[in-house]
Amino acid sequence: MSKILIRGAQVLGGEAQDVLIDGETIAEVGTNLSAEGAEVIDAAGRVLLPGLVDLHTHLREPGREDSETVLTGTRAAASGGYTAVFAMANTFPVADTAGVVEQVYRLGQEHGYCDVQPIGAVTVGLEGKQLAELGAMHESAAGVKVFSDDGKCVHDAVIMRRALEYVKAFGGVVAQHAQEPRLTEGAQMNEGVVSAELGLGGWPAVAEESIIARDVLLAEHVGSRVHICHLSTAGSVEIVRWAKSRGIDVTAEVTPHHLLLTDEMVRSYNPVYKVNPPLRTERDVMALREALADGTIDIVATDHAPHPHEDKDCEWAAAAMGMVGLETALAVVQQTMVETGLLDWAGVAERMSFAPARIGRLDNHGRPVSAGEPANLTLVDTSYRGVVDPAHFASRSRNTPYEGRELPGRVTHTFLRGRATVVDGKLA
Ligand SMILES: [Zn+2]
């Protein structure tokens, strides 16, 4: 493999430095490094980050290849600056056996755009009744350490307790989709002023908060680790903050769309804004930003949820829930967190690379940008301004809420173990 010299990049937003990649690793970081025998990328003015890691991606393969595949989803991930994604288990068949998780893992390896770490289902068929083969999935070639019934809540407290006890043996984590099912029957959007005016079924904040409260207490009781998926309300933030202050081993994620969009968007009746959990109020959005800034919320995760045109381009009540997010996540974080002064680029690296890799126990990602480390890197032109055009997406689906919206920043290069997956903003 050849040498690549990234010249004059602001590493994690700091001082300009040169980074020399030799083969699969970072050989040297410094100033005025020799370019001898190396391809040179002039990165003056750009920010160099560790390759991003997404703890919450829906790749849809197997079973819904009309919306996304491991190939198209990982190409979208690379375009967005990611070098690793965790693939959610709600596929068809469900990823509840060693066979399915190994299949997804191998497809990621074969395609080579980013590493795919499968998430295993907590319960058989996501039905919430019987624990899946957590041990067998962990022992498999995929080495599963994160388990989730995402899309559905593990609502039975006894099942949740058993799952937390089980994964504790090998340092695993249960990632909970916090949604009390009885409180959200028929729910179409956030319960509040807007839902009352529009006459749409309301999704109360307490449906999320009550499960988070229960699960942090269960995690404390059994001494295990719990991760809260796509936290979306100000009240959820308060519960996680309390749990952390008490020493409970809880981590939490927020999606880019919950950092930017509110339930006011639903007035358009455009199903592109229909998502689970629903878009909340301005007050919630501001609380989520503050919590991400102060570390109460550990990471940003995309909940990239591709859907084909026919599942989204229909009336609100019939539409599927979810949005694509891999290709716009960093731009939304730049706008909502960096350009508001809440977070610097080192903070972005922590929340979009270091911490998600740590939570998912992915050893070779989320590593420092220093000599001897794997060359998983993302180069960002932060001065770029552009309008989002989903026609240019690598994802197979187009259900983005940002079409026609100006967002800052552009990933110009992504490197996976020293190999460029994105060059000058285009897939390699
Ligand atoms: Zn979910």
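The side chain of Ser-232 forms polar contacts with the side chains of Glu-208, at 2.7 Å, and Arg-280, at 2.9 Å; a polar contact is a pair of N or O atoms within 3.5 Å, where within protein one must be able to donate a hydrogen and the other to accept it, and residues adjacent in sequence count only if both atoms are side-chain atoms. The model is predicted, with local features requiring pLDDT of at least 70 and side-chain atom pairs counted only at pLDDT 80 or more, while totals for chains, interfaces and linings use all residues. Residues are numbered from 1 along each chain as its sequence is written, and side-chain values use heavy atoms, with hydrogens and water left out.

Ser-232 lies in the loop between E13 and H7; helices (H or I, at least four residues) and strands (E, at least two) are DSSP runs numbered from the N terminus. Ser-232 counts as buried because its relative accessibility is 1%, buried being under 20% relative accessible area, exposed over 50% and partly exposed in between (1.4 Å probe, protein chains only). Beyond its neighbours within four places in sequence, Ser-232 has contacts (heavy atoms within 4.5 Å) that include His-258, Pro-277, Asp-284 and Leu-288.

The loop between strand E13 (226–228) and helix H7 (234–245) also holds His-230. The zinc ion is coordinated by His-230 (NE2), together with Asp-150 (OD) and His-177 (ND1), at 1.9 to 2.3 Å. Donors are N, O and S atoms within 2.8 Å of the metal (3.2 Å for Na, K and Ca); water is not among the atoms, so sites may look incomplete. Along the chain, the donors show the spacing D-x26-H-x52-H. His-177, in the loop between strands E10 (173–176) and E11 (189–190), is 53 residues apart from His-230, and the pair links distant parts of the chain. Both histidines are buried.

His-230 is also among the residues touched by Glu-253, as are His-56, Cys-229 and Ile-299. Glu-253, in strand E14 (residues 250–254), is buried and has no salt bridge, with Arg-225, the nearest side chain of opposite charge, 11 Å away. A salt bridge is a side-chain nitrogen of Lys or Arg within 4 Å of a carboxyl oxygen of Asp or Glu; Lys and Arg count as positive and Asp and Glu as negative, whereas His and the chain ends are not counted. The side chain of Glu-253 does make a polar contact of 2.9 Å with that of His-227.
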